Amino acid sequence: MLSNIRVVLVGTSHPGNIGSTARAMKTMGLSTLYLAEPKVAPDGHSVALAAGASDILKHAVTVDSLADAIADCSLVIATSARSRTLDWPMLDPRQAGEKLVASAVNGPVAIVFGRENNGLSNEELQKCNYHVAIPANPEYTSLNLAQAVQIICYEARVAFLNQSPEVVETVEYPLAKEQENFFNHLENTLLSTGFIVKQHPGQVMTKLRRLFSRARIESQEMNILRGILTSVDKKVTLADNAQQAQYDPAVKKED
């Protein structure tokens, strides 16, 4: 189960942090590391700081973006500070560990860590189901990357050791790539109906992403919503065709 919990580092710029992350993971029994658009590759310094966890570095997967790293994950939790313009469903580390373990029984899940200097972008954060904030000393919140990884991996291990049948998820949730397809479909439909104005989209999609992340809809529920959107799309297309036939003399009208 722990092998299904994927640690994703985004835009890491110090090879030592990659090695220290591998060490933090291995001490807690996690083994799957993804590097999304890293600024550096693991090197000798990484191996030295991995301190026996070089096997995790050897099998680390490098991808071009966060979207690629989480595409096949049914649950994605991002590490974030609370000071954001738009609040997102928040977890503490213990809740994050419990959710990761409960969902990992069904397939890959991910915990995402951002860049050393400025964390994750708002766009990247909105690709995740939940955000987790480590309740550090408010007068000194300076955790380095590997320390943050260690805390979340520890909570995942505690949840794993304490798991019971009631903790295991039995519901099927859509993968991250399926969620993105849904949001793209939703946005295109709202543009076609005029609910969203392309030149002035505002925060509609951001708030809808937050709504669905908070609700965490199931796969069957998403399929229903996609079906609703498709039916709306068909009606809009028929209305557009009828309007075009009414005002365009080049369009032949049926008897």
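Predicted model: local features only at pLDDT ≥ 70, side-chain atom pairs only at ≥ 80, totals over all residues.
R209 sits in helix α9, which spans residues 204-215. Is R209 buried or exposed? R209 counts as buried because its relative accessibility is 12%, and buried means under 20%.

S219 belongs to helix α10, residues 219-247. Beyond neighbours within four places in sequence, S219 contacts E172, Y173 and P174. At 11% relative accessibility, S219 is therefore also classed as buried.

The two residues are set out here.

| Residue | Helix | Relative accessibility |
|---|---|---|
| R209 | α9 (residues 204-215) | 12% |
| S219 | α10 (residues 219-247) | 11% |

Now the sheet. Seven strands make up an open sheet with parallel pairing. Their order is β3-β2-β1-β6-β4-β7-β5. The edges are β3 (61-63) and β5 (90-91), and each of these strands pairs on one side only. Strands of a sheet pair through backbone hydrogen bonds.

Strand β1 (residues 5-10) runs parallel to strand β6 (residues 109-113). Five bridges join β1 to β6. Which residue does V8 stand opposite in β6? V8 faces V112 there.

Helix α1 (residues 15-27) touches β1 and β2 (32-36). The direction of α1 makes about 155° with that of β2. Helix α5 (residues 93-104) lies across β1, β4 (75-79), β5, β6 and β7 (130-132). Helix α5 runs at about 155° to β4.

Terms used
Residues numbered from 1 in each chain as written. Heavy atoms only, no water. Helix = DSSP H or I, 4+ residues; strand = E, 2+ residues; numbered from the N terminus. Buried < 20%, exposed > 50% of the residue type's maximum accessible area, 1.4 Å probe, protein only. Contact = heavy atoms within 4.5 Å. Pairing = 2+ DSSP bridges. Axes fitted to C-alpha atoms, helices over the stretch in contact; angles between N-to-C directions.
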